[in-house]
Amino acid sequence: MTPPARHDNAAVTEGIEIDPDVRDWMKQARLPEGTARKVTLRGNPVLHRPCQEVTEFGDELRQLVADMFVSMEAASGVGLAANQIGVDARVFVYNCPDASEEFQTGAIVNPVLVPVPGQALTPPVEDEEGCLSVPGEYAPLARPGVAEVQGQDITGKPLRVRGDGLLARCLQHETDHLNGLLYVDRLAGPELSRVLSSLEERISKGDLPFWSEGA
Ligand SMILES: [Zn+2]
């Protein structure tokens, strides 16, 4: 069954503290107040198919991006894709440190990963990765240590963002989401089984964070 394109998850009403960098970014972009939404769990169909291209750069998109920032903050995430609050649209937000521990904040619409010069010559970096849609679980995953996405800002202007460190991982992880891929889909069999059985146990015990769908 295909859910409707616009499907707002239930609102989260507790534990929301917005990082000053995110607050500033939202103010500068003249975003409306956002509402935190519950984060979709692995298994929700909206996470497992490619999202739709964004073609309208108006108030609805601004509200969506505001809701995404606030949802990311409620869940203490460093990045969030629209389908993680149940919305079928190619956009993600981030507030994530790069290799020099500087937090970078932004929103990217219709992102596509583009090759970075020299990337193929640099060995991939293995690090622990986690996802708000697979709450509480982490697994080591190798990814290129530098990444660049090309897309649009929330007004439709062309935008490129390049990142290293955790930001490189985040740009790849979030673009994957919009293509219907979770990081666990990139894990080898045994690691995947470990993460999934641990998640199942967490779900059956009702041990999900307050911001998670199903909690
Ligand atoms: Zn994720």
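Me: Okay, so what covers the buried residues of α2?

Reply: The cover over the buried residues of α2 includes α1 (20–28), β1 (79–81), β2 (91–97) and β3. Helices (H or I, at least four residues) and strands (E, at least two) are DSSP runs, numbered from the N terminus. Please keep in mind that this is a predicted model, in which local features need pLDDT of at least 70, side-chain atom pairs count only at pLDDT 80 or more, and totals for chains, interfaces and linings use all residues. Residues are numbered from 1 along each chain as its sequence is written.

Me: And how many of the residues in α2 are buried?

Reply: In α2, 12 of its 16 residues are buried, so the helix is mostly covered; a residue counts as buried if 20 or more other C-beta atoms, placed from the backbone, lie within 10 Å of its own, as exposed if 12 or fewer do, and as partly exposed in between. Among the buried ones are Leu 61, Leu 64, Phe 69 and Met 72, and Asp 67 and Glu 73 are also on that list.

Me: How far does α2 reach from its first C-alpha to its last?

Reply: Helix α2 (residues 59–74) reaches 22 Å, close to the 22 Å expected at 1.5 Å a residue, where the expected span is 1.5 Å times one less than the number of residues. After α2 comes Ser 76, which has a positive phi near 55°.

Me: Switching to strands, which way do β3 and β6 run?

Reply: Strand β3 (residues 103–114) and strand β6 (residues 146–152) run antiparallel and are joined by 4 bridges, and two strands pair if DSSP finds at least two bridges between them. Within this pairing, Val 114 stands opposite Glu 148 in β6.

Me: What about β6 and β7, how many bridges there?

Reply: There are 7 bridges between β6 and strand β7 (residues 158–164), which pair in the antiparallel sense, and Gln 152 has Pro 158 in β7 as its bridge partner. The two strands form a hairpin with 5 residues between them, and Gly 156 in the turn has a positive phi of about 100°.

Me: Zooming out, what pattern does the chain follow?

Reply: Read along the sequence, the chain goes α-α-β-β-β-β-β-β-β-α-α, with 4 helices and 7 strands.

Me: And how much of the chain is buried?

Reply: Buried residues are 38% of the 215 residues in the chain, and the C-alpha atoms fill a box of roughly 45 × 45 × 35 Å, taken along the principal axes.

Conventions. Two residues are in contact if their C-beta atoms, placed from the backbone, lie within 7 Å.
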